[in-house]
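Student: I have a new model open and would like to walk through it with you. Could we take it piece by piece?
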Amino acid sequence: MIVKKNSAPWKIYRTRFLIKARQLTEPLVFVDALGREHSGQPGDYLVESSDGARRIAPRLIFEDVYVAMGPANESWPYPRQPTIAIPATKRQAATA
């Protein structure tokens with residue numbers, strides 16, 4: 001592999017989306033809402049996006065791309081709660 005010195009500089013990337021996934025313990029085949037067939041073997045991952053779309057990711061690719069963040073709870077996707085910062089002086093006046 002030849003790389004020229006004047007080639008583009010290196011950049012750092014990360015995946016942009018949170019997903020929910022579970023590792024398969026037995027073979028799985030299914031057809032998604034668009035009619036595409038997905039199949040996986042033990043060790044592969046069943047991946048669910050926040051919009052509910054599911055797909056199979058091969059183990060080697062999945063484990064190279066994703067980093068575990070912790071267990072998922074039942075309220076997937078997580079609803080975003082708006083947060084408003086209230087200055088301390090206003091909080092004191094409101095409670096007085």
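Student: Which residues do ring pairs link into a cluster?
Tutor: Ring pairs link Tyr-45, Phe-62 and Tyr-66 into a cluster, where rings of Phe, Tyr and Trp (its six-membered ring) pair if their centres lie within 6.5 Å. Please keep in mind that this is a predicted model, in which local features need pLDDT of at least 70 and side-chain atom pairs count only at pLDDT 80 or more, while totals for chains, interfaces and linings use all residues. Residues are numbered from 1 along each chain as its sequence is written, and side-chain values use heavy atoms, with hydrogens and water left out.

Student: How many aromatic pairs does the structure hold?
Tutor: The structure holds two aromatic pairs. In one of them, the ring centres of Tyr-45 and Phe-62 are 3.9 Å apart and the planes lie at 15 degrees, so this pair is stacked (planes under 30 degrees apart count as stacked, over 60 as edge-to-face and the rest as tilted). Tyr-45 belongs to strand S4 and Phe-62 to helix H1 (residues 59–65), so the pair ties together parts that are 17 residues apart in sequence; helices (H or I, at least four residues) and strands (E, at least two) are DSSP runs, numbered from the N terminus.

Student: Are Tyr-45 and Phe-62 buried or exposed?
Tutor: Both Tyr-45 and Phe-62 are buried, meaning under 20% relative accessible area, with exposed over 50% and partly exposed in between (1.4 Å probe, protein chains only).

Student: Switching to the sheet, what is the order of its three strands?
Tutor: The open sheet runs in the order S1-S4-S5, with antiparallel pairing, and two strands pair if DSSP finds at least two bridges between them. Strand S1 (20–23) and strand S5 (54–57) are the edge strands, each pairing on one side only. Strand S4 (residues 45–48) pairs with S5 over four bridges, and Leu-46 stands opposite Ile-56 in S5.

Student: And where is Asp-32?
Tutor: Asp-32 sits in the loop between strand S2 (28–31) and strand S3 (37–40), and counts as buried because its relative accessibility is 13%. The Asp-32 side chain makes a polar contact of 2.8 Å with the side chain of His-38 (a pair of N or O atoms within 3.5 Å; within protein, one must be able to donate a hydrogen and the other to accept it, and residues adjacent in sequence count only if both atoms are side-chain atoms).
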